[in-house]
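Good morning, and thank you for making the time. I would like to take you through one model, moving from its overall organisation to individual residues.

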Amino acid sequence: MSGRVTLKTVPSIPQKLCFGPLELSPAVTLAPMAGVTDTVFRRFIRNLGGCGLIMTEFTSSHGILADDRRRKGGKKPHRRSSFNYLYFEPDEHPIVAQLFGSDPQVLADAARVVEDLGFDGVDMNFGCPVKKVVKCNGGSGLLRDLPLIEEILTAVRKAVSIPFTCKFRTGWDDDDIVCCEVGKIAEQVGLQGVALHGRTRAQGYSGTANWDWIAALKQSVSIPVVGNGDVFSPEDAVRMFEHTGCDGVMIGRAAASNPWIFRQIQQYVATGRYDEPTEADRYRMIKDYYELLVEKQDKISGEVSGKMKQFATYFTRGVRNGSQLRKAIYRAEGPEHVLETVDRFFEEQLVSAA
Ligand SMILES: Cc1cc2nc3c(=O)[nH]c(=O)nc-3n(C[C@H](O)[C@H](O)[C@H](O)COP(=O)(O)O)c2cc1C
């Protein structure tokens with residue numbers, strides 16, 4: 001990598017994050033992202049280095065129980081099975097499974113399945129803003145029903161002995177901020193940590209994440225607090241630690257377009273500077289990811305060509321003439337053709353730069 005960014009002072013961040021007995025180092029984690037953080041993307045991030053914890057996409061607790069029943073009945077799981085979301089490889093440890101739902105008993109049973117599958121922890125989603133999920137009282141819909149949150153957390157806590165965390169938004173809207181209350185409930189029930197995305201449900205992804213609420217949550221509880229929202233660079237990660245006093249930082253969208261961000265953060269705190277990826281690094285990254293997708297296509301929930309096109313949107317950011325590559329990938333027919341398109345593009349690009 002080249003194109004160094006240099007700073008005069010060396011910043012510092014916590015070197016580890018502990019969810020009970022689960023020791024994570026470094027204290028920087030990958031956010032769960034539906035449609036993004038499948039086994040292929042998670043391993044890809046793990047292999048690039050610098051990420052202390054990875055998490056599955058959010059997974060339906062009802063779906064898990066239905067699949068578990070099929071499995072116990074000797075039936076094969078469906079292609080779009082919830083178990084696909086829970087598939088992981090040994091080199092993904094430490095890994096946490098994230099669940100969503102609103103029925104305490106169903107969630108407790110699903111958490112037990114997660115524990116049996118060998119996950120290092122389980123996380124509850126109280127942040128998803130998607131209408132379909134909120135309508136069933138799941139995700140951020142639960143932020144309007146704190147007694148139900150308590151019931152859910154209590155049921156799941158009793159069901160499993162692995163570390164248990166939850167992730168939420170600040171509240172339903174600006175008139176109904178509940179993050180500190182949710183954090184206190186989590187602590188009283190015996191969870192080992194919480195993660196807060198500093199936006200309300202009403203905000204969706206608009207505006208900016210309010211890191212003051214992450215700082216307020218940190219002041220309200222003594223279990224570890226992971227801050228999340230709008231960390232797009234190593235400088236942002238350090239600023240979030242400094243501004244909020246949080247114990248860990250979680251990165252979502254930036255990881256999809258810059259999977260090196262975790263490694264860059266480590267380099268930044270070790271040396272005060274970090275390397276930007278070269279054109280050749282980007283070529284290698286896209287090719288490696290696409291090849292992994294093809295190899296593991298039976299382990300992901302979507303279809304490979306669609307996934308390649310989705311990731312073309314993320315991965316071509318920062319690539320010289322990236323929009324040309326993106327369009328060519330969109331036009332390609334089938335995974336082989338996508339791979340050829342990537343090879344041709346970068347070969348021409350690297351030759352023209354030589
Ligand atoms: C495509 C996409 C899918 C997401 N899926 C989930 C999810 O499954 N579970 C969850 O808790 N949050 C989910 N989120 C929210 C992220 O985990 C994170 O809280 C949010 O993107 C803010 O962090 P960022 O600014 O670093 O991206 C998703 C976000 C995106 C962009």
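Which domains does the domain assignment of the chain give? The chain is divided into domain 1 (20-276) and domain 2 (279-353), with bounds that come from an automatic or database domain assignment. Please keep in mind that this is a predicted model, in which local features need pLDDT of at least 70 and side-chain atom pairs count only at pLDDT 80 or more, while totals for chains, interfaces and linings use all residues. Residues are numbered from 1 along each chain as its sequence is written, and side-chain values use heavy atoms, with hydrogens and water left out.

Taken over C-alpha atoms, the centres of domain 1 and domain 2 are 28 Å apart. Between them, 19 residues of domain 1 are in contact with 21 residues of domain 2, where contact means heavy atoms within 4.5 Å.

The largest nonpolar core has 114 residues, and at least three of its residues come from each of domain 1 and domain 2. By nonpolar core I mean a set of buried Ala, Val, Leu, Ile, Met, Phe, Trp, Tyr and Cys residues joined through side-chain atoms within 4.5 Å. Buried stands for under 20% relative accessible area, exposed for over 50%, and partly exposed for the range in between, with a 1.4 Å probe and protein chains only. Which residues of this core touch the most other members? They are Phe126, Leu153, Phe168, Ile251 and Tyr290. Setting aside neighbours within four places in sequence, Phe126 has contacts that include Leu142, Leu143, Ile149, Ile152, Leu153 and Phe168.

Next, the ligand. How many residues surround the ligand? There are 16, and the closest are Pro32, Gln98, Asn228, Asp230 and Arg253; a residue is included if one of its heavy atoms lies within 4 Å of the ligand. For polar contacts, the criterion is a pair of N or O atoms within 3.5 Å; within protein, one must be able to donate a hydrogen and the other to accept it, and residues adjacent in sequence count only if both atoms are side-chain atoms. A ligand nitrogen is 2.8 Å from an N or O atom in the side chain of Gln98. A ligand oxygen lies 3.1 Å from a polar backbone atom of Phe58, and an oxygen of the ligand is also 3.1 Å from an N or O atom in the Asn125 side chain. On its own the ligand has 610 Å² of accessible area, of which the protein covers 87%; such areas come from the Shrake-Rupley method with a 1.4 Å probe, and for residues only the protein chains shown count as cover.

Asp230 has a positive phi of about 70° although it is not a glycine. Its place is the loop between strand 10 (225-228) and helix 9, and Asp230 counts as buried because its relative accessibility is 15%. Helices (H or I, at least four residues) and strands (E, at least two) are DSSP runs, numbered from the N terminus. Asn321 also has a positive phi, of about 60°, without being a glycine. Asn321 sits in the loop between helix 13 (304-315) and helix 14 (322-331) and, at 36% relative accessibility, counts as partly exposed.

Now to helix 9 itself. Thr244 belongs to helix 9 (residues 234-244) and is buried, at 6% relative accessibility. A polar atom of the Thr244 side chain lies 3.0 Å from the backbone nitrogen of Cys246. Beyond four places in sequence, Thr244 touches Trp211, Ile214, Ala215 and Lys218.

What does the side chain of Lys218 make a polar contact with? The partner is the side chain of Asp247, at 3.0 Å. Lys218 lies in helix 8 (residues 211-220) and is partly exposed, with a relative accessible area of 21%.

One joins Ser25 and Pro26, with omega about 0°, and Pro26 is in the loop between strand 3 (22-24) and strand 4 (28-30). Another runs from His93 to Pro94, with omega near -5°; Pro94 lies in the loop between helix 3 (82-85) and strand 6 (95-100).
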